[in-house]
Amino acid sequence: MPHAIRTGTPPRTPTAEEVEVIALVPLLEPFFRKVRVREQMPPALREAMEQHGLTARHGAVLPHLLAGVPLTVGQIAGRLHVSLPTASELVGALSRAGIVERSEDPANRRRVLVSLTVDYRPLLETFVALRGEPLLRALDGLTPEERAGFAAGLAAWVREIQG
């Protein structure tokens with residue numbers, strides 16, 4: 001059950017174990033600081049993002065395209081837990097920047113497929129590998145069951161935050 005704060009309803013008091021988990025969250029903040037992300041971004045990708053006014057929200061689309069399988073705008077919306085118009089706006093801005101390309105789905109001409117451009121794919125692969133390194137090292141120390149629980153917990157937290 002979601003723990004959303006409702007107007008006029010005080011938030012639930014966390015247990016001692018939950019407080020320990022909550023206390024870890026601020027320790028992650030330095031990893032997500034714009035300055036640190038910017039420093040780790042390949043220069044050509046950073047330049048494109050800055051020149052076109054792209055934000056972390058736009059950047060959130062890109063790792064989903066690394067598998068090499070083009071995605072529809074609807075699939076991107078579902079993965080990011082955003083509306084279809086929002087996903088379309090994000091893809092449009094990334095397309096104008098030349099980072100992604102849109103093409104007609106041969107199976108359904110009404111659908112648009114989105115993929116990384118050839119020029120930006122290696123830059124993004126490098127960036128994601130560098131940014132993902134601490135998480136991958138942490139996952140290496142977990143059992144398959146712990147990994148599944150960790151992933152499920154993160155996904156649940158994202159759903160709660162995004163409402």
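Does E18 count as buried, partly exposed or exposed, and what is its relative accessibility? I looked this up before anything else. E18 counts as partly exposed, at 27% relative accessibility. I note here that the model is predicted.

**Entry: the total.** I looked up how many salt bridges there are. The structure holds eight.

Entry: I then checked the exposure of R12. R12 has a relative accessible area of 46%, so R12 is partly exposed.

**Entry: E104 and R109.** I looked at the side chains of E104 and R109 and found that they meet in a salt bridge. The N to O distance is 3.5 Å. R109 has 69% relative accessibility. The cut-off for exposed is over 50%, so R109 counts as exposed.

**Entry: R121 and E125.** I found a salt bridge between R121 and E125. Their closest N and O atoms lie 3.8 Å apart. A salt bridge needs the nitrogen within 4 Å of the carboxyl oxygen, so I kept this pair on my list. I then looked up where the two residues sit. Both belong to helix α7, which covers residues 121-140. R121 and E125 are four residues apart in that helix, so about one helical turn separates them.

**Entry: exposure of that pair.** I checked R121 and found a relative accessible area of 22%. For E125 the value is 39%.

Notes: Residues are numbered from 1 along each chain as its sequence is written. This is a predicted model: local features need pLDDT of at least 70, side-chain atom pairs count only at pLDDT 80 or more; totals for chains, interfaces and linings use all residues. Side-chain values use heavy atoms; hydrogens and water are left out. Buried means under 20% relative accessible area, exposed over 50%, partly exposed in between (1.4 Å probe, protein chains only). Helices (H or I, at least four residues) and strands (E, at least two) are DSSP runs, numbered from the N terminus.
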